[in-house]
Amino acid sequence: MGHVDAEISSQPECWRQAAALAAESTAVLPRPGERVAVIGCGTSWFMAMAYAALRERAGQGETDAFQASEFPLERPYDRVLAITRSGTTTEVLDVLGALPGRRPSTVIVGDPDSPAVALAGDTVAIPFADERSVVQTRFATSTLALLRAHLGTDISALAADAEVAVRAPLPFDPARVEQITFLGRGWTVGIAHEAALKCREAATAWAEAYPAMDYRHGPISIAAPGRVVWAFGEIPDGLAEDISATGAAFVHSRTNGVHAVIGGWASGRPPLDPMADLILAQRFAVALATGRGLDPDAPRHLSRSVVLA
């Protein structure tokens, strides 16, 4: 078993540990009413997008997500929350280094001895979710589990969904997929972007992601037989029918019960939480890579952290 396979399988327990840590980290995580910016790069940016939408939906306060290099330093936020697995990513360090004296900052990081810890005002370290892989899986979802726990979500129920997701058969054969598009709404737009990134990173696959409401504004034009559209969470009325008319396969538990079938669940059981559904997408990306003769532990042109000269 490669590093990424083992790390994907470890997510249920990592989420439980993240939930316990959230209860100990209340003082340094965003407080209700604070105006918060969340920054990250790549996968961490997509987790920032998901958390920002969840926090606003929970009524906790205005929350914006930024790719770290695009963060507007002069905008008045009460707190900046940085997400970085390695704690060495140049763009994140640049922002954290510019913040002292401007506004409070907190970093969620995998390596507690990294440079980001020295630059941030406060730190939440999750070394139990750090990874050897280049391709991120458990650090990203464990960070989101921690933040969702902080918002009041029952992570024990999500971890139970994750236990299903790490064992269930995939909803379709990766070898028969020419192209895949992931869709989301609200907080699951970030999940969709992350699922597509896993396919691109691990398998160099043609994978795209869009807000579900925007899919009919152009992207649906590439849907065709041999291609897949995979939606997370709620979908717009009529979208399943529109996708079906293209000949593309449509994967969505609330519409076609695909997860109920592949997981061996009784009819009528609720679908997986989208964060657990992401585990299936991670596993799909790995299976797609190995089916193409690629090593998902050694993705081309990528390193574990982007450190710029």
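I began with a helix pair: the crossing of H3 past H8 is left-handed. For a crossing, left-handed says that the near helix is turned anticlockwise from the far one by less than a right angle, and right-handed that it is turned clockwise. A reminder to myself: this is a predicted model, where local features need pLDDT of at least 70 and side-chain atom pairs count only at pLDDT 80 or more, while totals for chains, interfaces and linings use all residues. Residues are numbered from 1 along each chain as its sequence is written, and side-chain values use heavy atoms, with hydrogens and water left out.

**Entry 1: H3 and H8**

I looked up the geometry of this pair next. H3 covers residues 43–57 and H8 residues 188–203; their axes come within 7 Å and cross at roughly 160°. H3 is therefore roughly antiparallel to H8. My cut-offs for the angle words are under 35 degrees for roughly parallel, over 145 for roughly antiparallel, 65 to 115 for roughly perpendicular, and oblique for the rest. The axes are lines fitted to C-alpha atoms, for helices over the stretch in contact, and the angles run from 0 to 180 degrees between N-to-C directions. The helices and strands are DSSP runs numbered from the N terminus (helices H or I, at least four residues; strands E, at least two).

Which residues meet here? From H3 I noted Thr43, Phe46, Met47 and Met49; from H8, Val189, Gly190, Ile191, His193, Glu194, Leu197 and Lys198. Contact here means heavy atoms within 4.5 Å.

I then turned to H6 (residues 138–150) and its packing with H2 (residues 11–24): the angle is about 40°, and the axes are 8 Å apart. That angle is why H2 counts as oblique to H6. H2 passes H6 in a right-handed crossing. On the H2 side the meeting residues include Trp15 and Leu21, and on the H6 side they include Arg138 and Leu146.

H6 also packs with H12 (residues 274–291), where the axes come within 11 Å and cross at roughly 180°. H6 and H12 are therefore roughly antiparallel to each other. Thr141, Leu144, Ala145 and Arg148 of H6 meet Met275, Leu278 and Gln282 of H12.

**Entry 2: serine 133**

Serine 133 sits in the loop between strand S5 (122–125) and H6. Is serine 133 buried or exposed? Its relative accessible area is 2%, so serine 133 is buried. The scale I use, with a 1.4 Å probe and protein chains only, is buried under 20% relative accessible area, exposed over 50%, and partly exposed in between.

Its side chain makes a polar contact of 2.5 Å with the side chain of glutamate 7, and the side chain of serine 133 also reaches the backbone nitrogen of valine 4 at 3.1 Å. A polar contact is a pair of N or O atoms within 3.5 Å; within protein, one must be able to donate a hydrogen and the other to accept it, and residues adjacent in sequence count only if both atoms are side-chain atoms. Leaving aside neighbours within four places in sequence, serine 133 touches His3, Val4, Glu7, Arg85, Asp297 and Arg304.

Arginine 227 belongs to strand S8 (residues 227–231). It counts as buried because its relative accessibility is 15%. I found its side chain reaching the backbone oxygen of isoleucine 222 at 2.6 Å. Not counting residues up to four places away in sequence, arginine 227 touches Glu178, Gln179, Trp206, Ile222, Ala248 and Ala249.

Histidine 252 lies in the loop between strand S9 (249–251) and helix H10 (253–256). Histidine 252 is buried because its relative accessible area is 3%. A polar atom of its side chain lies 2.4 Å from the backbone oxygen of glycine 233.

**Entry 3: two loop residues**

I looked up threonine 204 for its backbone: its phi is positive, about 50°, although it is not a glycine. Most residues other than glycine have a negative phi. Threonine 204 is placed in the loop between H8 and strand S7 (207–211). With 34% relative accessibility, threonine 204 counts as partly exposed.

Proline 174 is in the loop between helix H7 (155–165) and strand S6 (179–184). Proline 174 is buried, at a relative accessible area of 12%. Beyond neighbours within four places in sequence, proline 174 is in contact with Phe284, Ala287 and Leu288.
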